[in-house]
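My entries follow the structure shown here.

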Amino acid sequence: MMEPGAELRDVTLRDGLQLTGKMLSTERKVETVRELLRVGVPSIELGSMARADLVPTMANTLEVVQALTAEELDKCWIWVATPGHVAKAAAAGARNFQYCLSATDSHNRANIGRTTDASLEALPEAVKLAKEVGGTIQLCIATSFTCPFEGIVPEQRVLDIASDPRADGTADIVICDTLGQAVPVQVGNLILRVRDETPSRRIVYHGHDTWGLGVANTLAAIQAGAAMVDGALGGLGGCPFAPGASGNTSSEDILFATRPEWLTPTKFGDLVSLSETLVGELAEPNRSKSAQGARSKAEAFDWVMSSESPGNSHQQV
């Protein structure tokens, strides 16, 4: 392991699919969850309770939950924004919930249809429902650095939300660079402050690669104390309610940079092949730089896939 330990959560099936023009079937999503777990990815965000008319690619999320085993669901998260979302997801079998709100009212209204304070007011009920089924719930703060409507977000605004007593009972705090506009020093500083002022919670970092700093920001978050970081295969993703948001930081790039103990060149190659297949099915570009490296001709390097590797087509990425 080349960086302090941090668990990758792959968010391909939630954030990664939000802006794609094509749907993945329930069966294909279940296959993807199982392939990610087989390779060794420790955590997965499998979908969202967002309204299907607003985010059509999430319409079959509950069917995916119902198709997975309890053991598989222990490693999976689902995006929620209301107590009702928690109740419906829990009834289907979900046990790990990411309760999302935005640091700014403008984005919270665009994303969830209410003010940030209204989302906080409903959080205790969501926590109660999660605990009733033995589940875990995170507080996710979108637009923690910049907002597409209000610009720069003061650090204190994020800290006030993180320390709000209505968030008591949440196990983790997810700090999101929703637009990918932060730089490493900003990420490190905010993660440090949240960690120091809310020491009872695990810190999660969710970043985007809009300005090419996704991996650098993720490493800064890990070094500042983040214990979980999000990524999506091929750098897929973006927020449909945040103009200017592009793809997530690539899971492959994060893994190549951090080298967790479970990752081997063979497993890395399996992830690259899975990523290439998915982006091909979705007719999306593959934004992963390490996937490009894995398909290079410098085969003396262990992390380069051999010409006999499955799916080897030297596809343009």
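Entry 1, helix H4. I looked up the packing of H4 and found that its buried residues pack against helix H2 (61-67), strand E3 (76-80), strand E4 (96-102), helix H6 (116-132) and strand E5 (136-142). I count as contact heavy atoms within 4.5 Å. Helices (H or I, at least four residues) and strands (E, at least two) are DSSP runs, numbered from the N terminus. The model is predicted, and I note that local features need pLDDT of at least 70, side-chain atom pairs count only at pLDDT 80 or more, and totals for chains, interfaces and linings use all residues. Residues are numbered from 1 along each chain as its sequence is written, and side-chain values use heavy atoms, with hydrogens and water left out.

I then asked which residues of helix H4 (residues 83-92) are buried. They are Pro83, His85, Val86, Ala89, Ala90 and Ala92. Here buried means under 20% relative accessible area, exposed over 50%, and partly exposed in between (1.4 Å probe, protein chains only). An α-helix has 3.6 residues a turn, so residues three or four places apart point the same way. Just after H4, I noted a positive phi of about 125° at glycine 93.

I took a salt bridge to be a side-chain nitrogen of Lys or Arg within 4 Å of a carboxyl oxygen of Asp or Glu. By this rule I recorded 18 salt bridges. Side chains of opposite charge can pair when their charged atoms come close.

Aspartate 270 forms a salt bridge with arginine 38, and their closest N and O atoms are 3.3 Å apart. Aspartate 270 lies in helix H11 (residues 265-282) and arginine 38 in helix H1 (residues 26-39), so the pair ties together parts that are 232 residues apart in sequence. I list aspartate 270 as partly exposed, at a relative accessible area of 24%.

Because arginine 202 lies in strand E9 (residues 202-207) and aspartate 172 in strand E8 (residues 172-177), the pair ties together parts 30 residues apart in sequence.

I found Asp117, Glu121, Asp164 and Arg166 linked in a network of salt bridges.
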